[in-house]
Structures are given as C-alpha cells and as structure tokens.
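Work through the exercises below with the sequence and the model at hand. Each task is followed by a stepwise solution.

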Amino acid sequence: MRHRSVEEHLRSVRPHPDDQADTSWAGPPAPDQVDPAVLGALLRRHGWQRRGGAPGRYGRWTPPGPGGSGTSLLVPESRAFPDSDDLLGEALIALARSNTPSAREVLVGLAVPSDEIRWWRDIPTGPAGAAPWTVEEQLRAAARQMLLAAALATRARAGYYGARHRRPAAASLDHVLVGSAPGGRQLTAFIPVDSGRTLAVRLHQALYATREAIDYERATGGMDAFDGAVEAGVSRELTEAVVALVRGTEGARIAVEWAPGAGVPEGCAAPVEAVEFSPGDLPVLRAAGARYLREEPSMPVRITGSVVRMRRSGPRGEGTVRMQVIAGAEVGHVRMTLDEESYRIAGHAHLVGLPVRVHGRLESRGGFRRLTGASGVVPVQVDEAERDRLMKSLQENLDFFEEACSGED
C-alpha cells in the first residue's frame, strides 16, 4: 500500500469551490429573511441600475448590459413600506428566474452573507470574444492559490510555509462559494462572514502590502519592504499566486468587497479599490518569492508521530523513516534518517502499535517535510483506544511493513 504525500492529500480537496456551491444551493431566501437595504447594496455592487421609483418607498432596478431594459425589479427601501414582503418576494423570484449572471451572485450574497473577492484578468480576445478553455482553468487555479495563501496567513506568519498548516488552511476553504463570468476573464469568490472574514481581511491587507513592496523596490531597488510585509500576510505562496494570476495577461486586478449586512471590518477601508498588478511586476514578485524561500529558517522541534514507512539498503545500518505527525509540528508527515539503534527502536514501536517521539530540526528546504539531526527516538505510551487504532492501521498495512523490513530499496 502506498502512503500519500501532503500534496496528494491537498488534491483530494475540491478543486473548485463552486462544485459544492451548486449541490448546496437551496433556492432564494424567504422575503422575511432579506434586508431591503442589503438587497439594494448587492444590486448596485453587481452592476444593476436604479431607474426611478418612489423616493423613500421603493426603487426600480434593471440589470446591467444592453439587454436589461426589458427586466426590472421593484425593491422597497425599507420594511416600513406596507407591501415590502410582497415586493421582495417578487424580486427574489425574478432574480432566481433571470438569465443575467449577476442575478445569481446577488442571490448567493443574500443566502450566505459573504465578503466578495473578485479577480479580473486582461487577456487577448479571441474570435467573437471567446478564449481558450485553459484561460478559465488558469484563473481558477490562481484564485485558489491566492485564497490558500491567505488562509495560511490566518494560521501563522511566515515568508514560506511549505507543508506547514496546509491541511487546516485548505479545509477552511470548503465553505467558499464561487461564481464566474464567461470567457475566463473574471471570477468572484464568496467568503462567508461567519467563518471566513479573517481570511478576507488577511488577503485584503496582504495584497496592499504586496503592491506597496513592489512599488518600494521599483523606487529604491531594495527588497526590504517584503520583509515587513510578512506581518501583513505576504509570503512566497502569495507571490506565486499573483504570478500565476498575471502571467500570460496584460494585467490583473483583485478587489475585496465587504458584506453589506456585516459592515466594514476594523482597520479596513470602504469602499475598497482594486489592487492592480502588471507583467512588469513579475520579476520583482519572483525575486521576492525566492528571497522568502531562501531566508525562512529551519526550526528545532520535538515531534510525536506514528511510523508509516521504513526503508534501508541492507539488514543493518542507518535507514530512512517516514512518520505521520501527531503533535509537535504543523505538517502531515516528515522523513528522517535514523542511525541503526534509533531505526530499530522505531521499528519495534511500529510493530507494537506505539508512536515515537524524536528531536531534530525541521528543514525549510523541501517544504518543511524533512527532519535533520534526528535523535532521542523513544516510544510514547498511549491509551488503549489509540493503541487499538494504531494496531488496526498496522494490520491493514502488513504488506507495506514487510516491504519496509525486507531491506529492499
């Protein structure tokens, strides 16, 4: 049996959040759950135009684009209007039946109070405005990279994370919803306020810090601003995401727009201007990413984990051990080289279903997946329930452990 690496675990996470958004969509919210002021703010945000109505009572809204003149919504300005629930119900039904892409985004914003993150890419136009299918895939991949970088920054501050915090950060994206515009030039992510506002705030701050650090480098030739930007959430992972977004385009923009019903987070501005990046920024971003990778230090750790792979070239001598981390480091697995005695202890602990504790340095090279200078390997006592679980895992992987003990590489 093959044990998966950290990257393989990440690939099991839904590649595009809208896959779940579609399966969890339960229709428009009930009229009594909708704040008319929030509906009006969302319509305005998504390009709808107010064209008349009775001031102080209701407004008439039409969708964006040349085809919007034949459709309109009557939206009360507040619940003080006597027929507010009736008008809201009719407006919600009309939005649900509308073919206008922005209508669905308005409904998502109503059903799940969310901060919105919007990406735009300026890409060459093909025949009749079409674009290669890879363009949309690139946009989605870059957007997910960016959200993951922001989620990592909510867990800790680092110039380079590697495998650290990767699983919980990826899991925090499970409730993100997404809606795209035709042509792969625009994408909107809806970050639920109750579970994801910290992520939205961190991305907002990190993008502005990245822009300022690039401008500082262009003005002075120095990269020092990128060091201070780490505290705002900038990292190698974020610079790589921006590079992926901008590469192959004439420029890209990212904007964070706060949920109307939740207000503006403390320390943030409203309205928020989009942050722009151009192909001319790519050399600085790549240099910053390399700097973060180079300067993120290794760290001393004491890790507790269960042995999942053992291998050495002969019946005696040192060997390589792969361990699933239980405590001591924010990574899923680590590899280490153990001397003969430590290797024997690790093997015996594995056979009786016990985890081991080991000291060493978690190396940044390779993404914090390798422990160097490993020493002090000792079995760790666990309660009966945990031991039974470990023994069951061992029995399910006997063929694997026999391979490990055979001495074959």
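The model is predicted: local features need pLDDT of at least 70, side-chain atom pairs count only at pLDDT 80 or more, and totals for chains, interfaces and linings use all residues. Residues are numbered from 1 along each chain as its sequence is written, and side-chain values use heavy atoms, with hydrogens and water left out.

**Exercise 1.** Describe how helices α6 and α8 pack.

Step 1. Helices (H or I, at least four residues) are DSSP runs numbered from the N terminus; α6 covers residues 133–155 and α8 residues 193–220.

Step 2. The angle is about 105° and the axes are 8 Å apart. Axes are lines fitted to C-alpha atoms over the stretch in contact, and angles run from 0 to 180 degrees between N-to-C directions.

Step 3. The two helices are therefore roughly perpendicular (65 to 115 degrees).

Step 4. Contact means heavy atoms within 4.5 Å. Among the α6 residues that meet α8 are Met146, Leu147 and Ala150; Leu199, Arg202 and Leu203 are among their counterparts in α8.

**Exercise 2.** Which residues have the most contacts inside the largest nonpolar core?

Step 1. A nonpolar core is a set of buried Ala, Val, Leu, Ile, Met, Phe, Trp, Tyr and Cys residues joined through side-chain atoms within 4.5 Å; buried means under 20% relative accessible area (1.4 Å probe, protein chains only).

Step 2. The largest core has 58 residues, and Trp119, Met146 and Leu147 have the most contacts inside it. Helix α6 gives the largest share, 11 residues.

Step 3. Leu147 touches residues including Trp119, Leu199 and Leu203.

Terms used:
Angles under 35 degrees count as roughly parallel, over 145 as roughly antiparallel, 65 to 115 as roughly perpendicular and the rest as oblique. Buried means under 20% relative accessible area, exposed over 50%, partly exposed in between (1.4 Å probe, protein chains only). Lists of a residue's contacts leave out its neighbours within four places in sequence.
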